[in-house]
Every structure is written in structure tokens, then in C-alpha cells.
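The tour goes from a sheet to a core, and then to rings.

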Amino acid sequence: MKRNIKTIAMLLCLALALLAFSGCGSGSNEEKTDAGQKDETAKAEVDMNKISINTQSSIKIEGSKIIYIDPFKRSEKTCDADIIFITHEHHDHFDSKSLKRAAGKDTAIVCPKSMLDAVGALDISENVTGMEPGDTQEIGGVKVEAVPAYNLDKSFHPKENGWVGYIITLDGIRYYAAGDTDALDELAGIKCDVAMVPIGGTYTMTAEEAAGLINKMKPEYVVPTHYGSIVGSPEDADTFEADIDEGIKVVRKL
């Protein structure tokens with residue numbers, strides 16, 4: 001009888017040991033699943049080689065979509081744009097010749113609502129979307145947020161015109177293209193991976209003001225724009241870079 005009890009006890013211990021081993025295996029699988037989920041939701045890596053600027057604020061971003069922002073003085077006829085963004089109607093941001101060189105037959109165009117008639121008159125695309133500050137749209141699978149862009153103490157870009165900058169989410173990366181603006185309080189809270197901001201002064205914020213704004217935003221990368229041709233100089237870019245906080249990478253494209 002005592003022998004039977006010992007045998008039963010040994011069997012019970014063996015069964016408990018097997019259950020514990022099985023539980024450890026289950027926990028390991030959960031850890032792998034969790035790790036897999038983290039990998040799937042990991043932040044996309046920024047490739048700054050996908051961004052080019054030929055002059056001023058004429059930006060091209062190449063990813064799963066080809067995006068142009070304010071194409072200006074583009075000599076090559078590519079007709080490869082999936083989406084073209086226009087921030088406002090000044091000639092160095094709304095250049096009909098460059099628009100026609102970048103646009104293809106299926107290109108979508110995004111512009112301020114106040115510019116819908118002007119863009120429509122060019123007869124470049126039937127797919128034109130107007131936005132105003134605070135609007136959010138999805139254009140061709142790309143999330144777009146329109147944000148304010150105006151002057152505080154000069155009259156070149158009045159707030160009442162409803163002109164805009166854009167936050168464009170492409171391939172998991174948030175790009176902020178400011179358009180022509182001063183360093184507005186409502187822009188300081190923008191969350192983005194790459195910020196592209198004017199630094200040339202006169203018509204927009206100065207290099208020092210732009211650096212102050214970027215230090216509040218804290219993007220991973222910043223690209224200074226709107227200098228070196230119509231207004232602003234390479235020295236402005238030097239000033240801007242010197243004033244940027246450590247940890248924010250300045251990448252020059254001009």
C-alpha cells in the first residue's frame with residue numbers, strides 16, 4: 001500500500017513538472033508574439049535621400065507615392081507626380097509651368113480652398129482638393145493635415161487668405177512642409193519626423209525665429225528652405241543650424 005502511495009506521489013510530481021514546463025513554453029511564445037507586434041508597429045526609418053529641393057521651397061519626396069510641394073522652376077518634364085501640394089498663390093509657390101511638368105494624367109492636386117478656382121483654371125487635373133487650416137483628408141491613401149501659414153507683423157501672407165502648410169504622412173513618416181509663415185504659436189505643437197521650414201526672413205520667419213520654432217517642435221530632422229535665391233543667403237542657413245538644439249539633425253538640400 002505504501003509503495004502504491006509513493007508511486008502515485010511520484011506520478012503527480014512528474015505531471016506537475018510537465019505542466020510547469022509547458023507553461024514556460026507558452027510564456028515564451030507570448031513573448032515572441034509581443035516582440036513581433038512591437039516590430040510591426042516600430043517607427044519607420046527616415047531616409048533623407050528621398051527628399052530633394054531644386055530651389056526655394058520646391059520640394060520633391062519619393063516613396064510609395066511621388067509627392068511635389070510648391071514645384072517652382074522645374075526644367076525637367078517628369079509627369080510623375082501622384083500628389084502635388086500647393087501652399088499659396090505667390091509665383092514661387094504656384095508656378096503653372098512647373099505644375100504642368102510634374103503632373104501626369106492621374107495626379108491629385110491639393111491646395112488652399114481659396115485657390116480652387118485658380119488651380120481649376122489651369123486644367124491640369126480633375127482631381128483637385130481644397131483645404132483650410134484644421135482640415136484633415138486622405139488623398140490617394142496619404143493622410144494630409146492642413147495647418148496655418150501666415151505673417152504676424154507683415155502683410156505678405158494675411159491670415160484671412162486661409163493659406164496653409166501641410167503635415168503629410170507617407171510610408172509611416174510625418175513630413176511637415178510649412179509653406180510661407182512666421183513662427184506661430186499654433187505650430188509649436190506639431191509632431192513630425194521631418195520639418196521643412198522657411199528661414200530667409202523678409203517674407204517669412206528669420207533663421208533665428210525658425211530655429212526657435214523647431215526647437216519647440218523637436219522633429220528628428222529639419223530641412224531649411226526659402227533661402228539662397230529670391231531672399232535669404234547661405235549664411236542664414238549657418239545661423240539656423242547653429243541655433244538648433246542638440247539631437248535635431250539639420251539636413252541642407254539647397
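Select the open sheet: 6 strands in the order β1-β2-β3-β4-β5-β6, with mixed pairing. Strands are DSSP runs of E of at least two residues, helices runs of H or I of at least four, both numbered from the N terminus; two strands pair if DSSP finds at least two bridges between them. β1 (51-53) and β6 (128-131) are the edges; each has a single partner strand, so one side of each lacks a neighbour in the sheet.

This is a predicted model, in which local features need pLDDT of at least 70 and side-chain atom pairs pLDDT 80 or more, while totals for chains, interfaces and linings use all residues. Residues are numbered from 1 along each chain as its sequence is written, and side-chain values use heavy atoms, without hydrogens and water.

Next, select β5 (residues 103-112), which runs parallel to β6 over 4 bridges. Pro112 is opposite Met131 in β6.

Now show Ile69. Its contacts (heavy atoms within 4.5 Å), leaving out residues up to four places away in sequence, include Ile61, Phe85, Ile168 and Met196.

Move to the rings, where centres within 6.5 Å make a pair, stacked under 30 degrees between planes, edge-to-face over 60 and tilted otherwise. There are 2 aromatic pairs. Phe85 and Tyr166 are tilted, 5.0 Å between centres and 55° between planes. They join strand β4 (residues 81-85) to strand β9, 81 residues apart. Phe85 is buried at 0% relative accessible area (buried is under 20%, exposed over 50%, partly exposed in between, with a 1.4 Å probe and protein chains only). Tyr166 is also buried, at 0%.

Then select Phe156 and Tyr203, an edge-to-face pair at 4.7 Å and 75°. Phe156 is partly exposed at 35%, and Tyr203 is partly exposed at 31%.

Technical notes. Rings of Phe, Tyr and Trp (its six-membered ring) pair if their centres lie within 6.5 Å; planes under 30 degrees apart count as stacked, over 60 as edge-to-face and the rest as tilted.
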